Every structure is written in C-alpha cells, then in structure tokens.
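Have a look at the structure first, and then we can walk through it together.

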Amino acid sequence: PETVLTPTRFSKLSGMEMARLVRERSVTSAELVEAHIEMIQAVNPRLNAVVGQRFSDAREEAKSADARIARGESDLPPYLGVPCTLKENFAFGGQVQSGGQWARRHFMADKDSTAVARLRAAGLIPLGFTNLSELGMWMESNNQVYGRTNNAYSAAHIAGGSSGGEG
C-alpha cells in the first residue's frame with residue numbers, strides 16, 4: 001500500500017484511521033503530530049484558526065506514545081498518538097480559557113475539564129486551541145481577544161461559529 005506521509009494526506013484520515021496506522025507502526029505518532037503542526041503553520045497565518053499552541057508538549061507526548069507502542073504495551077487507549085485541536089473555551093490546565101471574551105483574556109484554567117480529560121485519556125494529543133465566537137454564542141468566529149477566523153476557501157466569507165476555528 002501507498003505510504004501516507006504528507007501533511008495534506010493525513011488531513012484526509014479519520015482519527016480511527018490514524019490510530020490504526022500508529023498501532024500498526026505504518027506511521028509514528030511523532031510523524032503524525034509533525035505533519036499536523038506543519039499544516040497548521042502553513043495555513044494558520046491566513047486563517048487565524050489556531051489561537052494558542054502547545055507544539056513542544058505535543059511532540060513530547062507523541063514520543064511517549066511511540067515508546068508505549070514500541071514496548072508492546074497491550075492496554076493502549078483507542079486514540080493513542082492521534083493529534084487534535086481543542087476549542088479555546090474548553091478548560092485545559094495551565095492554558096488561557098477566555099472563551100473569546102476580553103474580560104477573561106488572562107484567565108488560566110487550573111485543571112482539565114471533564115471532556116478534555118476524557119479526550120486525553122483516550123490517547124489524543126492536543127496541538128493547540130482554536131478560535132470561536134465570543135463565549136461561543138454567535139454565528140461568526142470573531143472576538144476581541146483573537147480576532148476573526150477566515151473561511152478556508154474565501155477570506156470574504158465567514159468560517160462560521162461558534163466553532164469556526166475547529167472547522
């Protein structure tokens with residue numbers, strides 16, 4: 001089978017497909033994470049979708065996932081080593097959680113929300129945090145903290161809301 005190693009090819013795969021490739025050692029988690037980071041760095045300057053990043057930590061978590069697979073651990077979480085992004089309003093310990101609201105622009109979450117803790121326990125590796133409408137309440141992902149997320153196909157159009165950065 002054809003090797004799937006380019007950032008754009010990875011972006012077409014589901015989380016389950018990426019997890020399978022990592023488990024089968026067809027690709028490493030480190031390669032997946034790096035490919036997704038490259039994609040974010042290539043498109044984010046014009047989109048403003050990812051408004052906070054944790055690339056260094058994600059790279060370390062990918063190495064740890066790859067080491068678990070190399071050791072042949074049998075009780076692996078279903079999405080071990082698969083990169084993802086999180087909407088900025090989900091609490092992630094030690095990260096800003098403003099919800100796009102100016103008054104909360106310096107608020108730091110002290111721990112992971114239940115949803116984030118469950119995603120991480122499933123083995124997902126958060127790369128960063130995505131833009132949203134203020135408090136997730138509007139139809140356009142635009143706020144006074146991070147600005148507007150542009151539509152990937154046309155900057156003349158909105159990306160939608162409240163999860164425009166995730167889209």
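The notes below cover the nonpolar cores and then the salt bridges. Please keep in mind that this is a predicted model.

**Nonpolar cores**
- The largest nonpolar core has 19 residues, and among them Val-27, Leu-32 and Leu-86 touch the most other members.
- At least two residues of this core come from each of helix H2 (15–23), helix H3 (29–47), helix H4 (55–70) and strand E2 (83–87).
- H2 supplies the largest share, four residues.

- The model has nine salt bridges.
- One of them joins Arg-120 and Glu-61, with an N to O distance of 3.4 Å.
- Arg-120 sits in helix H5 (residues 114–121) and Glu-61 in helix H4, so this pair ties together parts that are 59 residues apart in sequence.
- Arg-120 is partly exposed at 30% relative accessible area, and Glu-61 is partly exposed at 22%.

**Other pairs and a network**
- Glu-24 and Arg-20 form a salt bridge at 3.1 Å, N to O.
- Glu-24 is partly exposed, with 46% relative accessibility, and Arg-20 is partly exposed, with 42%.
- In the salt bridge between Glu-73 and Arg-71, the closest N and O atoms are 2.6 Å apart.
- Here Glu-73 is partly exposed at 30% relative accessibility, whereas Arg-71 counts as exposed at 56%.
- Through shared partners, salt bridges link Arg-54, Glu-61, Asp-112 and Arg-120 into one network.

Definitions and conventions. Residues are numbered from 1 along each chain as its sequence is written. This is a predicted model: local features need pLDDT of at least 70, side-chain atom pairs count only at pLDDT 80 or more; totals for chains, interfaces and linings use all residues. Side-chain values use heavy atoms; hydrogens and water are left out. A nonpolar core is a set of buried Ala, Val, Leu, Ile, Met, Phe, Trp, Tyr and Cys residues joined through side-chain atoms within 4.5 Å. Buried means under 20% relative accessible area, exposed over 50%, partly exposed in between (1.4 Å probe, protein chains only). A salt bridge is a side-chain nitrogen of Lys or Arg within 4 Å of a carboxyl oxygen of Asp or Glu.
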